[in-house]
Amino acid sequence: MIAVNLLKVKGSIPTDVTLVAVSKTKPNEAILEAYLTGQRIFGENRVQELVDKHEELPKDIEWHFIGHLQTKKVKYIAPFVSLIHGVDSFKLLLEINKRAKNEDRIIDVLIQFHIAQEESKFGFDFEEAKEMFEKKEFADLENVNVRGVMGMATFTENKEKVQDEFRTLNNYFEVFRSHFFKYNEDFSIISMGMSGDYEIAIGEGSNMVRIGSTIFGARNT
Ligand SMILES: *Cc1c(COP(=O)(O)O)cnc(C)c1O
């Protein structure tokens, strides 16, 4: 079923939209089934689970960390993670830079924005991000590459609201790109959209979707 679901999802998104298959809580066999259809990008939101899966599964998988990342755990994923979606504080970004330097790497990251109504979701607001981008210490970071933005919409049936929130994130992306990343072509990713709302997100300019349950089935946890 996973292979079938995956091919269906792939068929429903434009070829220039990157699919992150969100495999959190799912066993290695499920990931391998997706892998055998050609999928190489997987998303996880728990550090220990990601470390274990990275050790056990094929080495050409690109692992994305999509959840809330605690500063003290950055060191465990720094050797191999290929994109960290949820940078929600300058302190976290500094830590990623430090650990990347120790590993002699440059780690790609996205800045997470709080666009939803729910308080439970993490992320910067516009002003906070602007303040960070203006810092000299931000410009000095050599081992992180800010590739774009990420956000999660409110969990609601109200499509207009979801659409509105995604549009807001796209606007932030454009404003920040033109002010702070004008000469940096790497700043190009808008990660938004999950199983329940990825079509809306793509309509609002998403070029990276993070899809779990539609591919792997419902999660128990
Ligand atoms: C779990 C998760 C997803 C995938 O959610 P589905 O609804 O299963 O597609 C996407 N993004 C983040 C940040 C997640 O934690």
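This is a predicted model: local features need pLDDT of at least 70, side-chain atom pairs count only at pLDDT 80 or more; totals for chains, interfaces and linings use all residues.
**Ligand surroundings**

The ligand sits in the largest pocket. Around the ligand are the residues Val22, Lys24, Ile66, Met150, Met152, Met194, Ser195, Arg210, Ile211, Gly212, Ser213 and Arg219. Sorted by class, this shell consists of six nonpolar, three polar and three charged residues.

| Residue | Protein atom | Ligand atom | Distance |
|---|---|---|---|
| Arg210 | polar side-chain atom | nitrogen | 2.9 Å |
| Gly212 | backbone N or O atom | oxygen | 2.8 Å |
| Ser213 | backbone N or O atom | oxygen | 2.8 Å |

On its own, the ligand has 380 Å² of accessible area, of which the protein covers 91%.

**The largest pocket**

The volume of the largest pocket is about 730 Å³. Its lining is made up of 29 residues, and those closest to the centre of the pocket are Lys121, Met152, Ala153, Phe155 and Met194.

Two elements, α8 (159-180) and β8 (208-211), each contribute at least two residues to the lining of the largest pocket. By class, the residues of this lining are eleven nonpolar, eleven polar and seven charged.

Conventions
Residues are numbered from 1 along each chain as its sequence is written. Side-chain values use heavy atoms; hydrogens and water are left out. A residue is near a molecule or strand if one of its heavy atoms lies within 4 Å of it. A polar contact is a pair of N or O atoms within 3.5 Å; within protein, one must be able to donate a hydrogen and the other to accept it, and residues adjacent in sequence count only if both atoms are side-chain atoms. Accessible areas come from the Shrake-Rupley method with a 1.4 Å probe; for residues, only the protein chains shown count as cover. On a 1 Å grid over the protein atoms alone, a cavity is a set of points where a 1.4 Å probe fits but cannot get out, and a pocket is an open set with protein on both sides within 12 Å along at least five of seven lines; lining residues have an atom within 4 Å of a point. A molecule sits in a cavity or pocket if more than half of its atoms lie within 2 Å of its grid points. Ala, Val, Leu, Ile, Met, Phe, Trp, Tyr, Cys and Pro count as nonpolar, Asp, Glu, Lys and Arg as charged, and the others, Gly among them, as polar. Grid points are joined across faces, edges and corners, and a volume is the space filled by probe spheres set on the points. Helices (H or I, at least four residues) and strands (E, at least two) are DSSP runs, numbered from the N terminus.
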